[in-house]
Amino acid sequence: MKIIIDQKDRLYDLAAKEIIKIVNDQPKAVLGLATGSSMIGVYKALVHDFKSNQTTYKDVTTFNLDEYEGISSDNHQSYAYFMNKHFFHYIDINKERTYLPSMKIDCTADYAKIYNDLLNQYELDIQLLGLGRNGHIGFNEPGTSFLSQTHRIQLDAKTRHDNARFFDSIDDVPTHAITMGIQNIMNAKKIVLIATGLNKALAVRDMLEGAVHIDCPASILQEHRDITFFLDQEAASMLSLQKKI
Ligand code: GLP
């Protein structure tokens, strides 16, 4: 595992570089994408690179980590909308190969299976990850099995509270979501996680220095064969000195 501690903008650029390298080396790369404020800078760097260097995404396939239940893709709070707004809209990707666990189908539990079956036909060359304040990855809340595949999940009160900032009120935050499972994430050949800000410091410490336990879903990442953690000083502030060097 690699841990990079740097300023936010540098982190976004470095994470974007990992993706650009994969897309340049393998034009048919399969990317696991994420949403959340930690990802905006990465997509900005990718769009900048697309415009400056003409990196092409024409044969790339993408799978997003998660999506809220019960809000349509044209809702401004949906992750589908986020992806278009920050990334897909600006690059030459074929939208038909950008998959999100969206809620177009009524029976959400079945939709998780459909998404999972599709996902398992591919191998993710890289998975981008943010980190929840409670240690979640995707929407895999504490207590989720490390062997989980794509599934429907009830969101933690903490998660709904954290994500309420994007909605008019906490009552508008969906109670459920569909997320790739932890096993799906761990199957990715490479993982890049970005965590910034003091409010992530505890989760970062538990993830990197705590026991590998379902109480902190991200702790399983300690066992991934090719993972880089991109942290700013604040997010890394509770790590022991040994890890910081
Ligand atoms: C949401 C997403 C996660 C993301 C997390 C952190 O809960 N489901 O995938 O990692 O937010 O988001 P942010 O980067 O905005 O702190």
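Which side chain meets that of Glu 18 in a salt bridge? To find out, select Glu 18 together with Lys 190 in this predicted model, and you will see that the two side chains form the salt bridge, with 3.5 Å from N to O. This pair links distant parts of the chain, since Glu 18 belongs to helix α1 (residues 8-25), while Lys 190 lies in the loop between α6 (182-186) and β9 (191-195), 172 residues apart. Side chains of opposite charge can pair when their charged atoms come close. Across the whole structure, a search finds 12 salt bridges.

Next, select the ligand, which sits in the largest pocket, and then display the 13 residues around the ligand, of which Ser 37, Ser 38, Asp 66, His 136 and Lys 200 come nearest. If you colour this shell by residue type, it divides into 3 nonpolar, 7 polar and 3 charged residues.

Finally, show the surface: the ligand taken alone exposes 390 Å², and the protein buries 93% of that.

Terms used: Residues are numbered from 1 along each chain as its sequence is written. This is a predicted model: local features need pLDDT of at least 70, side-chain atom pairs count only at pLDDT 80 or more; totals for chains, interfaces and linings use all residues. Side-chain values use heavy atoms; hydrogens and water are left out. A residue is near a molecule or strand if one of its heavy atoms lies within 4 Å of it. Accessible areas come from the Shrake-Rupley method with a 1.4 Å probe; for residues, only the protein chains shown count as cover. On a 1 Å grid over the protein atoms alone, a cavity is a set of points where a 1.4 Å probe fits but cannot get out, and a pocket is an open set with protein on both sides within 12 Å along at least five of seven lines; lining residues have an atom within 4 Å of a point. A molecule sits in a cavity or pocket if more than half of its atoms lie within 2 Å of its grid points. Ala, Val, Leu, Ile, Met, Phe, Trp, Tyr, Cys and Pro count as nonpolar, Asp, Glu, Lys and Arg as charged, and the others, Gly among them, as polar. A salt bridge is a side-chain nitrogen of Lys or Arg within 4 Å of a carboxyl oxygen of Asp or Glu. Helices (H or I, at least four residues) and strands (E, at least two) are DSSP runs, numbered from the N terminus.
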